[in-house]
Amino acid sequence: MSVIPSPDGSGSLAGRLTRRLSVTFAAMLAVATAAFTLVGWFDRNVEAEMAAGQFRIADWVIEEMVGEVLPTVLPLLVATLLVTTVTVRHSLKPLRRLSRTAAEIVPGSGAIRLDEAGVPDEILPLVRAVNTALARLDAAVDQQRRLAENAAHELRTPLAVLRARVDGLAPSPECEELAADLDRMERAIGQILMLARLEGIEMATIRPIDLTVAVRDAAARLAPVAIDRGIALAVLAPDAPVPVDGDPDQIGQALANLVDNALAASSEGDEVEITVSPDARVTVADRGIGLEPGTETQVFERFWRSAASRRPGSGLGLAIVAEIMKQHGGSASAAARPGGGAQFALAFPLRAAQLPATRSTA
Amino acid sequence: MRLLLIEDDDELRTLVSKNLERGGFAVDAVGRLADAREHALAARYDAIILDRRLPDGEGAEWLAWLRRRDRSTPVLVLTARDAVSDRVAALDVGADDYLVKPFALEELLARLRALLRRPGAALGRVLEVGDLAFDTATRSVAASGTPVVVPRRELSVLEALMRRPGTVVTRSSLEDAAYALDEPVEPNALDAVLSRLRRRLVETGTSAEIHTVRGVGYLIKEAKRP
């Protein structure tokens with residue numbers, strides 16, 4: 001609690017209250033001091049001493065102050081300050097508790113509500129209004145989630161039926177082509193559903209994580225596919241943890257899309273390098289044909305496909321990566337790799353506080 | 001091999017049943033959890049294929065019910081949701097594997113075969129990758145039947161790799177397997193062990209290969225036939 005107002009003017013309520021009360025009490029005590037001093041004046045044989053020629057006002061004031069008034073007033077002043085501070089702090093404790101709870105709230109992640117117990121009457125309407133708003137938000141997120149699940153189900157089931165039918169046919173060249181067409185459709189639908197989900201209000205579960213761990217886990221999942229194609233996957237990361245706020249699922253998804261592209265651009269015997277740097281950047285680099293010059297920003301647009309691209313794809317992979325990075329408060333970028341190939345970088349905002357083992361105590 | 005297929009979409013259920021039967025399985029197919037419950041109570045199945053969403057309830061809840069009475073029947077869950085968290089959730093509830101719709105018949109068959117193999121294989125006594133066999137009871141290794149002498153540390157690493165074929169085993173898992181808790185581990189010691197193990201395997205001419213994923217770990221798998 002700060003008694004001195006902060007630069008933006010609002011300052012601490014506790015500080016403000018304490019300051020005002022202290023000043024008021026101090027003023028009251030000063031007035032009382034003056035009054036007592038005056039009373040003392042009338043109480044003494046001032047006239048007698050004046051007549052005796054021994055009276056000096058300055059001496060008298062000092063003696064009066066130091067001797068009688070101050071020993072009474074000063075302890076009172078200190079006691080007042082202490083009591084004021086403690087009382088104000090204690091009264092405002094419910095508010096601090098509320099803001100701690102509020103800081104934990106992530107809409108749609110569970111019914112966290114502000115506790116109405118012990119809240120001062122003046123703030124109760126505010127707390128209730130917040131809880132109502134949270135309930136409405138949770139309901140909206142829930143509805144969107146159900147909608148997304150239904151959409152996924154409705155789209156994927158007919159596709160599954162089609163796939164099962166094709167699988168049941170006797171093998172033939174037409175069959176192969178049908179299966180390939182189906183692959184394309186399945187992939188495109190998968191990407192579109194993912195993008196829709198990312199853009200919905202269902203937020204990523206962002207929490208403090210070690211970026212290196214998330215990247216290594218993703219690489220472990222992606223490596224078998226790379227090895228099947230004769231391409232090596234490598235992760236270079238610092239020994240010390242790299243703390244960021246992130247959703248490991250989504251980071252894994254972004255990496256999967258980038259690695260997918262990198263693998264498609266690479267040939268057997270090549271290596272795809274994933275680098276994590278201490279300033280929370282993740283780079284995926286390949287030695288493929290590289291980017292068309294001038295398309296470094298365009299590639300992240302939805303449905304954008306390079307004219308030179310031979311392989312089937314929905315053109316959404318990088319758009320999804322960009323969206324994921326946006327949700328993380330970071331960015332995605334593409335550039336030509338020195339020496340040939342392309343490199344894609346994910347920049348995460350740095351996290352000042354500590355890692356999961358020590359939660360911040362606000 | 002008898003399977004129980006629980007899928008509410010009639011067409012999909014019929015087609016997948018037919019495909020599975022052609023693949024050599026006997027299939028009981030139902031479209032509702034209530035029917036599935038009856039079947040599960042009445043007969044023993046070698047494996048169960050379960051859709052996550054059904055008209056009369058959630059597949060996950062039915063699975064929880066099943067697991068309370070039967071921990072051993074392998075269950076493969078089908079779903080339209082493909083996020084990693086959904087997969088993990090399914091496995092946590094007691095599924096043994098997870099397949100996203102739409103899926104290729106080949107993949108369903110392959111995963112079923114893997115599920116049905118398990119009791120003897122990955123969790124069991126003899127680990128197999130290609131023609132390489134590791135008998136965990138006698139701690140002996142053989143390539144195409146010919147015994148191979150493998151020193152202790154390399155043996156521990158090989159076992160860790162063969163328990164999860166085709167999957168990357170992280171450096172820390174391998175270090176845990178090869179070194180006791182109080183032994184100091186040099187950063188490059190593990191790589192040296194793997195390097196020696198790889199050379200040893202190559203000399204036997206086995207079809208099992210160890211691949212390096214730099215910065216992550218290693219994996220073992222059967223080499224692709226040229």
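A contact means heavy atoms within 4.5 Å. By that rule, residues 24 or more positions apart account for 55% of the contacts in chain B with a separation of 6 or more. The model is predicted, so local features need pLDDT of at least 70 and side-chain atom pairs count only at pLDDT 80 or more, while totals for chains, interfaces and linings use all residues. Residues are numbered from 1 along each chain as its sequence is written, chains are lettered from A and ligands numbered from 1 in the order in which they are written, and side-chain values use heavy atoms, with hydrogens and water left out.

**Confidence**

- The model scores ipTM 0.71 and pTM 0.67.
- Chain B has a mean pLDDT (the predictor's confidence in each residue, from 0 to 100) of 87, and 96% of its residues score at least 70.
- For chain A the mean pLDDT is 81, with 83% of residues at 70 or more.
- Within chain A, confidence is lowest in helix α2 (residues 46-51), at a mean of 61, and highest in strand β5 (residues 281-285), at 97.
- Residues 353-362 of chain A stay under 50 in pLDDT, and the model has eight contacts for them beyond four places in sequence.

**Chain B**

- Chain B has eight helices and 14 strands; helices (H or I, at least four residues) and strands (E, at least two) are DSSP runs, numbered from the N terminus.
- Of the 226 residues in chain B, 46% are buried, meaning under 20% relative accessible area (1.4 Å probe, protein chains only).

**Interface of chain B and chain A**

- Chain B and chain A each bring 32 residues to the contact.
- About 2,900 Å² is buried between the two chains, 54% of it from carbon and sulfur atoms; buried area is the accessible area (1.4 Å probe) that two parts lose on being put together, summed over both.
- B:R81, B:P102 and B:R214 supply 23% of the area that chain B buries against chain A, more than any other three residues.
- Four salt bridges (a side-chain nitrogen of Lys or Arg within 4 Å of a carboxyl oxygen of Asp or Glu) link chain B and chain A.
- B:K221 and A:D228 form a salt bridge through their side chains, at 2.9 Å, N to O.
- On the side of chain B that touches chain A, α1 (10-22), α4 (84-93), β13 (208-213) and β14 (217-222) of chain B each supply at least two residues.
- The most comes from α1(B), with six residues on that side.

Note on methods:
Buried means under 20% relative accessible area, exposed over 50%, partly exposed in between (1.4 Å probe, protein chains only).
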